[in-house]
Amino acid sequence: MVEEKESRGKTTQEPEPIEAEEEHSTIDYDLDDGNGLTDTEDDEEEDTDEDSLADDSSVALLPIEEIVRNLRELLNAESPKRKEVDEYKNQFYRSLRNETESQKQVFLSNGGEEIDFVGKESEIYTEGKELIRKIKEKRADILAKEEAEKEKNVARKLAIIEQVKVLTETQGQEDFNKIYQEFKLLQQEWNVIKLVPQERVNELWKSYQRYVEKFYDLVRINNEFREYDFKKNLEIKTELCEAAERLNDEPDVVSAFHQLQNLHQEWREVGPVSRKDREEIWTRFKEASTQINKKYQVHFEQLREKENENLELKTALCEKLEAIDYSALKSVKDWNNKVKEVLEIQTQWRQIGFVPRKWNTKIYKRYRAACDFFFRSKNEFYKSLRGEMEENLKKKIALCERAEALKESQDWKNTTREMIDIQKEWKTIGIVPHKYVDSIWKRFISACDYFFEQKKSHTSSQHEQEQKNLEEKRAIIGKINQLDTAVGKEKALTELRELMEQWHEVGHVPYKMKDRIYKEFYEAAEAQFDKLNIDKEERKLEAYKSAISDMAKSDNSRGQLFREREKLVRQYERIKNELQTYENNIGFLSVSSKKGNHLLDDMNQKVDRLKSELVLLEKKIRTIEEEL
């Protein structure tokens with residue numbers, strides 16, 4: 001009647017006695033609502049789903065030293081219990097996972113890529129794994145010995161049953177006291193024998209109980225012995241009934257069921273009661289047991305349902321892993337993206353609880369095989385890239401050398417551009433061998449950071465100087481606006497030119513203020529030129545001098561000034577040739593003709609204008625030559 005169940009942690013409902021066959025009535029000793037629920041420890045050793053164990057965080061995590069110490073004690077124990085072993089397995093793998101995650105975070109914070117992370121196992125974790133392996137072997141050895149002992153006990157219990165049967169058949173043939181003493185010794189020996197195969201418990205107990213009750217019912221024994229035994233047995237069974245009834249108030253259903261199993265074991269070890277009390281006392285015990293069994297059944301049906309849901313979820317994750325199209329993973333980027341997906345699947349797996357025990361090993365092996373295949377394929381892909389990674393390393397070393405050669409440069413504009421180009425090129429280069437990832441990156445970023453820190457420091461001081469220049473130019477504009485033209489044209493013009501010269505001698509201002517401050521300067525100067533009645537040609541020359549002065553302060557000023565001079569010279573030659581043409585044409589015109597007079601006047605005006613332009617160009621060229 002004992003039935004093995006799948007669910008983790010379930011207990012065995014003890015088989016109930018079958019009343020001895022009697023002429024008039026038979027008591028049904030089977031529980032109607034027990035449903036064959038079991039509570040035996042599933043001693044079959046199996047592969048450990050480390051991910052599932054690692055997520056059982058219902059208790060505080062012990063230090064790894066204490067966990068390993070407890071594992072050592074379990075290994076040295078005579079018979080380590082599965083519950084304790086699982087408890088410290090859970091603690092160990094949670095600690096191992098936390099340690100691995102800490103190493104990964106340090107690795108990532110130092111610039112490493114998650115795909116390249118390989119955990120380093122310390123000695124204490126290596127010892128812990130070895131202890132768990134040895135405990136597993138020890139338990140397997142103990143269980144094997146227990147199985148052999150169980151088979152021997154079955155043979156011995158069958159022999160006891162046969163001896164009790166013989167005693168029931170020797171009634172009246174021997175001295176009763178001797179027969180009774182033999183019977184009691186057989187009972188004692190039966191109770192001492194505990195371990196038998198679970199599937200034989202009910203069968204052996206029913207057969208034994210049948211002949212024990214026959215002995216009491218059929219053998220003609222001394223009434224004093226008989227009544228005394230019946231009375232004591234009734235008292236004990238009454239206490240067991242009361243204990244079973246109290247269990248209905250126990251809030252912990254599993255604990256109540258465990259306690260009930262102990263009561264059933266005690267019930268088996270108690271002898272029979274008088275015929276008139278048998279059915280009543282058994283019915284009372286049976287009804288109390290049924291209440292506990294119903295609660296326990298509901299509890300484990302819910303657990304079984306949850307475990308089945310977990311099995312479906314884990315099966316779906318396995319299918320997702322197995323469905324990966326490896327032919328589509330052709331680049332490092334493809335593999336990086338897929339690794340992130342697989343790591344997410346592993347995270348989901350760890351968040352799912354237990355599955356039915358009979359599926360635990362199968363589903364875990366399937367999941368582990370799919371993960372191992374994926375990461376083995378990833379490693380093979382990276383091995384195939386070894387030559388390419390070595391070439392990438394050479395390219396990155398070359399970029400490091402370029403950056404290091406430039407880091408002391410103070411040509412901020414051009415070097416900044418080149419540094420940015422180097423950084424862009426770095427990003428286009430693929431992966432390098434794992435052992436060089438950190439060192440090559442640190443070398444490169446150190447050179448880049450050094451340059452940009454120096455530039456930042458320089459730019460900060462330059463900005464302060466530009467602000468001072470802006471204030472100084474504003475002060476000059478104020479002086480131009482307040483220029484006293486009453487002192488005379490020549491003196492006022494001299495002062496104005498000096499102020500304009502001072503303006504041009506002041507350095508750069510903040511770039512965003514350059515146009516605005518120049519406009520203020522130009523408008524102030526123009527206003528003073530108007531007051532002094534300075535003609536436009538002279539103003540143009542003054543404005544041009546200002547522009548040339550600014551140009552002389554710019555980067556690559558000498559080259560710009562040469563190009564400006566060449567442009568003016570070409571313009572001067574062109575106008576000079578045009579002037580020569582007009583002067584030659586004037587000689588052909590008839591001074592007596594009206595038409596000739598009109599054309600002559602027009603040409604003379606153009607000649608005058610061209611001569612003025614030549615004079616201005618000569619002054620501009622001299623201005624440039626003075627700057628050069």
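**Salt bridges and a negative patch in an all-residue survey**

Asp229 is buried, with a relative accessible area of 11%; buried here means under 20%, exposed means over 50%, and partly exposed lies in between (1.4 Å probe, protein chains only). This is a predicted model, so to speak of local features a pLDDT of at least 70 is needed, side-chain atom pairs count only at pLDDT 80 or more, and totals for chains, interfaces and linings use all residues. Residues are numbered from 1 along each chain as its sequence is written, and side-chain values use heavy atoms, with hydrogens and water left out.Asp229 has a partner in Lys184: the two form a salt bridge, their closest N and O atoms being 3.9 Å apart. The term covers a side-chain nitrogen of Lys or Arg within 4 Å of a carboxyl oxygen of Asp or Glu. This pair ties together distant parts of the chain, with Lys184 in helix α5 (residues 176–192) and Asp229 in helix α7 (residues 223–246), 45 residues apart. Helices are DSSP runs of H or I with at least four residues, strands are runs of E with at least two, and both are numbered from the N terminus.

Across the whole structure, the search turns up 22 salt bridges. One of them joins the side chains of Arg72 and Glu127 at 2.7 Å, N to O. Again distant parts of the chain are linked: Arg72 belongs to helix α2 (residues 64–76) and Glu127 to helix α4 (residues 123–168), 55 residues apart. Arg72 is partly exposed at 34% relative accessibility, and Glu127 is partly exposed at 31%. Glu425 and Arg402 also meet through their side chains, at 3.4 Å from N to O.

Glu501, Glu505, Glu626 and Glu627 gather in a negative patch. Patch members have over 30% relative accessible area and no salt bridge, and like charges are joined within 9 Å. Helices α15 (489–505) and α19 (594–627) each supply at least two of the patch residues. Glu626 sits in α19 and is exposed, at 69% relative accessible area.

As for the chain overall, it holds 19 helices and 0 strands, and 40% of its 628 residues count as buried. Among contacts (heavy atoms within 4.5 Å) with a separation of 6 or more, 81% are between residues 24 or more positions apart.

Notes:
Patches are made of residues with over 30% relative accessible area and no salt bridge: like charges are joined within 9 Å, nonpolar side chains (Val, Leu, Ile, Met, Phe, Trp, Tyr) within 5 Å. Accessible areas come from the Shrake-Rupley method with a 1.4 Å probe; for residues, only the protein chains shown count as cover. Lys and Arg count as positive and Asp and Glu as negative; His and the chain ends are not counted. The place of a charge is taken as NZ of Lys, CZ of Arg, CG of Asp or CD of Glu.
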